[in-house]
Amino acid sequence: MLIQFSARTCKSLRQSDLLARLGGDEFAILLGNISADDAVMLADKLIANASAPYRIGDRDATIGVSIGIASYPETADAAETLIMAADEALYLSKTSGKNRTTVAVPRSNAQTDGGPTPSLFFVIDPALLLGAPDIDHQHLEMADRLNAIEVLLHDATQHDEILVRFDAL
């Protein structure tokens with residue numbers, strides 16, 4: 001079923017988008033140069049495609065999909081907080097029922113507790129990319145670019161360089 005889900009998802013994405021399996025049945029999609037409204041429309045399309053029945057042997061199976069969306073720099077300015085915001089939005093989607101999308105609250109509207117930033121280091125390992133080990137050069141290059149952006153996210157003075165690199169995706 002994961003293979004069929006991945007194939008359906010890839011058909012909905014642009015060539016420049018990156019789909020990575022984080023583990024189990026959890027995936028992350030990195031989208032560059034996309035508005036929040038377009039990201040929500042894509043999420044709705046992904047949910048519709050994923051919700052269609054899957055043929056497994058001689059039986060049909062269906063799944064529910066929950067999506068959390070976070071955006072840089074509106075939601076967070078560091079990789080770990082961006083991932084956490086997407087994960088929190090995903091949790092809200094899951095608790096609201098199947099086939100939901102939740103957009104993370106922008107930082108200006110979010111309440112902060114003043115505590116330390118949790119330490120979650122996010123690096124896309126090319127081995128996690130779909131199609132590994134047959135992943136093509138373009139996607140390996142994109143993973144390298146994303147890893148470079150992640151390093152820059154730790155340095156708040158590199159804001160302009162981060163935006164340039166996102167535009168290059």
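Mentor: Start with D60, which forms a salt bridge with R55, the closest N and O atoms being 3.0 Å apart. Keep in mind that this is a predicted model.

Trainee: Is D60 buried or exposed?

Mentor: D60 is exposed, because its relative accessible area is 52% and the cut-off for exposed is over 50%. R55, with 45%, counts as partly exposed.

Trainee: How many salt bridges does the structure hold?

Mentor: Two. In the other pair, R14 bonds with D17 through a salt bridge, and the closest N and O atoms are 2.6 Å apart.

Trainee: And how accessible are R14 and D17?

Mentor: R14 is partly exposed at 34% relative accessibility. D17 is at 4%, so D17 counts as buried.

Trainee: Why would such side chains pair in the first place?

Mentor: Side chains of opposite charge can pair when their charged atoms come close.

Trainee: Changing topic. What span should helix α2 have, and what does the model give?

Mentor: Helix α2 covers residues 36–51, which is 16 residues.

Trainee: Which residues of α2 are buried?

Mentor: A39, L42, A43, L46, I47 and A50. Looking down the axis of α2, the buried residues fall within an arc of 140°, so they line one face of the helix.

Trainee: What is on the other side of α2?

Mentor: D37 and M41 are there, and both are exposed.

Trainee: What covers the buried face, then?

Mentor: The cover over the buried residues of α2 includes α1 (2–12) and the strands β2 (26–30), β3 (54–56), β5 (66–69) and β6 (100–103).

Trainee: Now the backbone. Which peptide bond is cis?

Mentor: The one from Y72 to P73, with omega near -5°. P73 sits in the loop between β5 and α3, the helix at 79–96.

Trainee: What about phi of N33?

Mentor: Phi of N33 is near 50°, which is positive in a residue other than glycine. N33 is in the loop between β2 and α2, and at 52% relative accessibility N33 counts as exposed.

Trainee: And where is N99?

Mentor: N99 is in the loop between α3 and β6. Phi of N99 is near 60°, again a positive value in a residue other than glycine. With a relative accessible area of 34%, N99 is partly exposed.

Technical notes: Residues are numbered from 1 along each chain as its sequence is written. This is a predicted model: local features need pLDDT of at least 70, side-chain atom pairs count only at pLDDT 80 or more; totals for chains, interfaces and linings use all residues. Side-chain values use heavy atoms; hydrogens and water are left out. Helices (H or I, at least four residues) and strands (E, at least two) are DSSP runs, numbered from the N terminus. The expected span of a helix is 1.5 Å times one less than its number of residues. Buried means under 20% relative accessible area, exposed over 50%, partly exposed in between (1.4 Å probe, protein chains only). The arc is that of the directions from the helix axis to the C-beta atoms. Contact means heavy atoms within 4.5 Å. A salt bridge is a side-chain nitrogen of Lys or Arg within 4 Å of a carboxyl oxygen of Asp or Glu.
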